[in-house]
Amino acid sequence: MCLEFCVQDYLHNAGISLLSECDVLAFVYRHGANLTSTDQIARLIGYESGVVCAALDRLEREKIIERTGVAHGVCFHRLSHSENTGQLAALDQLLRLLESRGGRLLLSKLLHNCRSLEELPRTTV
């Protein structure tokens, strides 16, 4: 139970609220700076393009990743160099969790798993 509370704290400090965001983050982390389109990432990790686009947008807003050089729908995706040490520590712990099956299962249990646009949580403005 203590581990779940720690992981929830990591998720909060990192600014991650969906499993799709974790999966996109893991993709960008594992591939380093990469030149890809949203559609390519979606096909490689098994999500709809709209879900990956939403995850990329949110990760960019949270200053977790950077996208540069957009041309013809393709751009460089890479991890940001955040100065927020709390966020960096939390991201480091989450990325370590994503390396193991047990860690991935725990994150899946704690986060909403959205694989399609219809499953994305509704936000009110």
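This is a predicted model: local features need pLDDT of at least 70, side-chain atom pairs count only at pLDDT 80 or more; totals for chains, interfaces and linings use all residues.
Which residues does Cys22 touch, not counting residues up to four places away in sequence?

View 1. Cys22 touches Leu11, Ile16, Leu98, Leu107 and Leu111, not counting residues up to four places away in sequence. Cys22 is buried: its relative accessible area is 0%.

**View 2. The largest nonpolar core.** This core has 31 residues. Those with the most contacts inside it are Leu11, Ile16, Cys22, Val52, Leu94 and Leu107. Helices α1 (2-14), α2, α3, α4 (49-61), α5 (85-98) and α6 each supply at least two residues of the core. Helix α2 gives the most, with seven residues. In soluble globular proteins, nonpolar side chains tend to be buried together.

**View 3. Packing of α2 against α6.** Helix α2 spans residues 19-31, and helix α6 spans residues 101-110. They pack at an angle of about 145 degrees. Their axes are 9 Å apart. From α2, the contact takes in Leu19, Cys22 and Asp23. From α6, Arg104, Leu107 and Ser108 take part. By class, the residues of this contact are three nonpolar, one polar and two charged.

**View 4. The three-stranded sheet.** The sheet is open, with the strand order β1-β3-β2. Pairing is antiparallel. Strands β1 (34-37) and β2 (65-71) form the edges, and each pairs on one side only. Neighbouring strands are turned by 35 degrees against each other on average, direction ignored.

**View 5. The β2 and β3 pair.** Strand β3 covers residues 74-79. It pairs with β2 in the antiparallel sense over five bridges. Arg67 stands opposite His77 in β3.

**View 6. Helices lying across the sheet.** Helix α2 lies across β1, β2 and β3. It runs at about 90 degrees to β3. Helix α3 (residues 38-45) lies across β1 and β3. Here the angle of about 90 degrees is to β1.

**View 7. Cysteines without disulfides.** How many disulfides does the structure hold? It holds zero. Cys75 is in no disulfide. The nearest cysteine sulfur, that of Cys53, is 9.8 Å away, whereas a disulfide needs two cysteine sulfur atoms within 2.5 Å. Is Cys75 buried or exposed? Cys75 is buried, because its relative accessible area is 7% and buried means under 20%.

Notes:
Residues are numbered from 1 along each chain as its sequence is written. Side-chain values use heavy atoms; hydrogens and water are left out. Buried means under 20% relative accessible area, exposed over 50%, partly exposed in between (1.4 Å probe, protein chains only). Axes are lines fitted to C-alpha atoms, for helices over the stretch in contact, and angles run from 0 to 180 degrees between N-to-C directions. Helices (H or I, at least four residues) and strands (E, at least two) are DSSP runs, numbered from the N terminus. Contact means heavy atoms within 4.5 Å. Ala, Val, Leu, Ile, Met, Phe, Trp, Tyr, Cys and Pro count as nonpolar, Asp, Glu, Lys and Arg as charged, and the others, Gly among them, as polar. Two strands pair if DSSP finds at least two bridges between them. A nonpolar core is a set of buried Ala, Val, Leu, Ile, Met, Phe, Trp, Tyr and Cys residues joined through side-chain atoms within 4.5 Å.
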